[in-house]
Amino acid sequence: MASASASDPFHAQLRALQRRSRHIAHRLKSIAEDADHAAAAVEAFTEAALEGRRVPVIANLRCGRWYTGGREDGSCYFKSTDGHYGKWAVSRTRINMHVVDIVAASGGVVIVDATQHGKRYPDALAKTVPLWAHCINAVFCTADASQVPTLEEQVAPFVPASEVSAMRASAAAGIELLRSCGVAPKTPLDKPLRCCFSARSAAAKAVPAEHLPEAVLRQEQYPLLLLSASGDESIPTERRGWAYVAGAGDDEESWAHGLTPATFFANRHFLTDPTIADDDIADRVTATVEAAAATAASSAARPGSPVELTPSTFLGRRPPTAAGLQVSFAVHEVKTGPVVTIESNKEDTVTQAAAANISMTFHAHTPKDLEVALGALLPHVASEAQAIYCDGATPELAATCAVAVMALQLLVRGEAVDKAAIQRLQRVASAAHGAIPARHHLKQVNRFCLSRPP
């Protein structure tokens, strides 16, 4: 028998090959290929179900954003853990009511996600969204009950009947949660939601009409196309000069080095050039990220009007002629502690009113960074007379900023701020533009508020 030491060189070489196959150059080429297949699936779906009418495409955070070609119409947040066996749930912090509004306004929606585990669908698409759709129909759909699909008809076809039966208790709990959460669609849901499925595999490259429910084809139900962009185990991995990585966009913190989906698709051909060596592609990624950061820093104003969350709190950039406090959140890669920059109050040249800026930068995953930064922010939100505008380097950070500011305002007024209050504020912020704050950031806001003396 060969000794362990004798086999070490082989295993070391194998590990090196595995690491090489997941090089950022291979990931980006895999993402580009999957995004093209996803776009073709969306086109086939709209032709079959909606007579060619354009349907909104939204990304399931965060992996889904890598597969929309940079053209998504919004985002949602359905977690796979809410679809794991025995853990089925409709989450109080992930109600995603804005998705219902998108469907009612557009006649349907495509939700894009992916998985790196060789499966056809992530559990978020196979079970979490179907359970949610079933509960939404039960609470908000005004159509005749005979037109509403059953839970068995909502879940992915491969989910066994025994599991669907076991999910019914979770469905009842989800229905009760939606009835009591205080959030509802903006317009009545006159047709039920119906989940349809499309996954990339060697055997299925699009969505033929015969695979769609008859009620969807007759336009008696609103279709939710749950599109798994990543290839399953039937997709060959070897390409000419690179290796295909299923679900390459997942866990972006471990490989993207600051590259975002929007920046990638804006520079797609530059970053997937087949004539360039892998390490040179990595250098191009670094240069592209630096250029994007410089562009963002030089552009102080952003398009769009701020959204009112409370009479004194707004989500978005402060208009150039408005008074008030602008609070902005960003993250950095180096664990150097939070950086809080405060521009003292100054008179606006147009309104002659006080305007101030506070920018807060913290490490994405250091447990205490955001809490420390909130301590510096607290004294500046004490006045209810001033307007506070909340923004961030990403939509998720902007929503986090809004939750933090509203929570601090509750503290200043002497109100209790617990987990339930944070969840309520998160729903308010997320409903404004669909972005979901990261869970670890909400936990830090919650810990900070609970640590303050009454």
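# Reading terms off a predicted model

User: What do β8 and β9 form, and how many residues lie between them?

Analyst: In this predicted model, β8 and β9 form a hairpin, with 2 residues between them.

User: What makes strand β8 and strand β9 a pair?

Analyst: Two strands pair if there are at least two bridges between them. Strand β8 (residues 307–310) and strand β9 (residues 313–315) have 3 bridges, in the antiparallel sense, so they meet the rule.

User: In what order do the strands of the open sheet stand?

Analyst: The 5 strands follow the order β2-β1-β3-β5-β4, with parallel pairing.

User: Why is one side of β2 and of β4 left without a neighbour in the sheet?

Analyst: β2 (75–76) and β4 (193–200) each have a single partner strand because they stand at the edges.

User: Why is the contact of Glu-33 with Arg-239 called a salt bridge?

Analyst: The term requires a side-chain nitrogen of Lys or Arg within 4 Å of a carboxyl oxygen of Asp or Glu. The closest N and O atoms of Glu-33 and Arg-239 are 2.7 Å apart, so the pair qualifies. Glu-33 is in helix α2 (residues 24–49) and Arg-239 in strand β6 (residues 238–239), 206 residues apart in the chain. By this rule there are 16 salt bridges.

User: What lines the second largest pocket, by class?

Analyst: Its lining has 5 nonpolar, 6 polar and 6 charged residues. The space in this pocket is about 420 Å³. Among the 17 lining residues, Thr-93, Arg-94, Lys-419, Gln-423 and Arg-439 are the closest to the centre.

Terms used. Residues are numbered from 1 along each chain as its sequence is written. This is a predicted model: local features need pLDDT of at least 70, side-chain atom pairs count only at pLDDT 80 or more; totals for chains, interfaces and linings use all residues. Side-chain values use heavy atoms; hydrogens and water are left out. Helices (H or I, at least four residues) and strands (E, at least two) are DSSP runs, numbered from the N terminus. On a 1 Å grid over the protein atoms alone, a cavity is a set of points where a 1.4 Å probe fits but cannot get out, and a pocket is an open set with protein on both sides within 12 Å along at least five of seven lines; lining residues have an atom within 4 Å of a point. Grid points are joined across faces, edges and corners, and a volume is the space filled by probe spheres set on the points. Ala, Val, Leu, Ile, Met, Phe, Trp, Tyr, Cys and Pro count as nonpolar, Asp, Glu, Lys and Arg as charged, and the others, Gly among them, as polar.
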